[in-house]
Amino acid sequence: MSKRTKNVDVAGSETELTAMTRDLDDLHHDVAVPSMWAGVSNMIDGMRGATARPTSRRVFLMGTGAAVASGAALLAVGSTPGLAAAATRVESHLHLADAAFPPAGLEGDLAVAAVAASLENLAVFAYQSGLAAATAGKLGTVPPAIGTFATTALSHHTQHAAAWNAVLKSRGKAKVTVTNPTLTPTIQANFAKVTDITGLAQLALSLENAAAATYQAETSKLKSTAAIGLSASIEPVEMQHIAILYYVMGMYPGSQTTAGTPIAFSSTSAAA
Amino acid sequence: MTADPRALAELLEESQDLHADAMRPTHETLDELVERSHSSRDDDLRSNLDFHEDHARGLRQTFGGATLLGAAGGAALVGVLASAASASSSKDAQVLQTAASIENLAVATYKTALTLPYIGGATANGVVTKFAQVTMGQHAQHADAFNSAIASLGGKPQHKPDPAFVPVVNKAVKSLSGATAAQGALGVVGLALELENIAAETYVKDTTLVRSISNKALFASIMGIEAQHVAVLLAVQALLKADAPQLISLSEPATLEALPASAGNVGFPNAFYQTSNAAPAKQGAVK
């Protein structure tokens, strides 16, 4: 394999790629956002009459918890809690659940929507915290590709949370503004240990893996067709985040085993 | 790259003719379904025609008038794809057969691409070669999994490629002739990107179409893998277009600093995966 050691003049290519990114951003707002609302609208219609499925929420919660716990075990974090201060500062922006979660009155697909929103909120928190730490110089030199990755992933997770909350709001339910209470302590603890961009990327990877695995599992468990469609439209995007995270970390750019062997079928083990 | 608009126009016209010919068996099959479901026939016919139009447009965008893929493996792929899948069985089985036909097409395409010096040869980028090899193997596993699911439903396995997209691939491969390594690599990446995106979009949609939970789970376990292929190919395509192939590399994170900023997000253009390019559910069903 070739090495990425040659530092090339990418001035021209940078311009071209920036233009391409701008086009993609335009496309994103022209196509993706209306599509999101169409998807949400369909889901809202489709969820009318969806039956309660009490076990789904529990499995969802347990799954995401297990996912991040296992992801945390793989983290290569520094012994010095260099981000502890940053983590403490961003904690003030955290809105932790202070009551039962999901809230009473949410069952079946709506309970899943609430948990999904809380998981997306957690991802938003993590990326916001990471960007804040990077801006504050806590992570050393931050490659430009990491900055655009984090900014775009943050935007995606914000939109995912908004989509699930739009579903809840349409059914007369309160929006979920808390981060997932099961995972938040783990993410906070791991974030406090991150000292460099590699550690942050690994933390992001564990979160993205948890999200993708959970959506994958829920896609075959949700009741309403529209909810399945919304979940299925998000899972591949989280998987794309994963692929590019691996790539920027210098690893094979696709889902893989812990030994680094690419896998042909994504797993729900992180969500089960 | 230089463009030859007249050659492109001829290419597209021929491609559309071929595409229309290939669509005929699908339409005839759909006609046969009239007795079973008149409304279903109308929907399917419309879907297939839409698919045809979309991918004629996609071909234009992908290849942009440039000389394309090289002749080396072209004839072999044309031979492999000479007989395409046609249609029929239970709804889940038909959806699975269509998925298998897409996987078969992908396997054949990567297999041919790997015979090209700038994809699988000594001068090729190592990451691109490995990606093509791994991805081809993954598509073969996907085809096997879809065919196993079909067998569990008592249906016929699908070992042929998607009939609607075969002409597009054939034409693209033929037009490789005379391409430089850079042009050829870009053409192959563009073609693979189109196929991978069709697969991903189709499977996202299929999760809402199939009835059994196990089949939903199967599509859910594959759609994200195809989406990852799309993300990687988008990044590779961007770096090739930027004339920076040396940055297509897997190495220590320290070299990450050399990547342009947009390499960090070019791989995921949408927050929600689209389905507007999904293949019609019965397009690759076995008759």
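Tutor: Let's start where the two helices touch: A:Ala145, A:Ile146, A:Phe149, A:Ala153, A:His156, A:His160 and A:Ala163 in H5(A) meet A:Leu230, A:Ile234, A:Val237, A:His241, A:Ile244 and A:Val248 in H8(A). Two residues are in contact if their C-beta atoms, placed from the backbone, lie within 7 Å. By type, the residues of this contact between H5(A) and H8(A) are ten nonpolar, three polar and no charged. Here Ala, Val, Leu, Ile, Met, Phe, Trp, Tyr, Cys and Pro count as nonpolar, Asp, Glu, Lys and Arg as charged, and the others, Gly among them, as polar.

A word on the model itself: it is predicted, so local features need pLDDT of at least 70 and side-chain atom pairs count only at pLDDT 80 or more, while totals for chains, interfaces and linings use all residues. Residues are numbered from 1 along each chain as its sequence is written, and chains are lettered from A and ligands numbered from 1 in the order in which they are written.

Now the geometry. Two packed helices are described by the angle between their axes and the distance between the axes. Helix H5 of chain A spans residues 144-170 and helix H8 of chain A residues 225-248; they pack at about 165 degrees, with axes 11 Å apart. H5(A) is therefore roughly antiparallel to H8(A), a label for angles over 145 degrees. The axes are lines fitted to C-alpha atoms, for helices over the stretch in contact, and angles run from 0 to 180 degrees between N-to-C directions. Helices are DSSP runs (H or I, at least four residues), strands likewise (E, at least two), numbered from the N terminus.

Zooming out, chain A has eight helices and zero strands. Of its 272 residues, 53% count as buried, meaning that 20 or more other C-beta atoms lie within 10 Å of a residue's own.

A:Val248, from the H8(A) side of the contact, turns up again in the largest nonpolar core, which has 149 residues; A:Val248 is among those with the most contacts inside it, along with A:Ala126, B:Ala235 and B:Leu239. Such a core is a set of buried Ala, Val, Leu, Ile, Met, Phe, Trp, Tyr and Cys residues joined through C-beta atoms within 7 Å. H9(B) gives the most to this core, with 17 residues. As for A:Ala126, beyond its neighbours within four places in sequence, its contacts are A:Ile187, A:Phe191, A:Leu203, A:Ala204 and A:Leu207.

Note on methods
Parallel < 35°, antiparallel > 145°, perpendicular 65-115°, else oblique. Buried ≥ 20, exposed ≤ 12 C-beta atoms within 10 Å, placed from the backbone.
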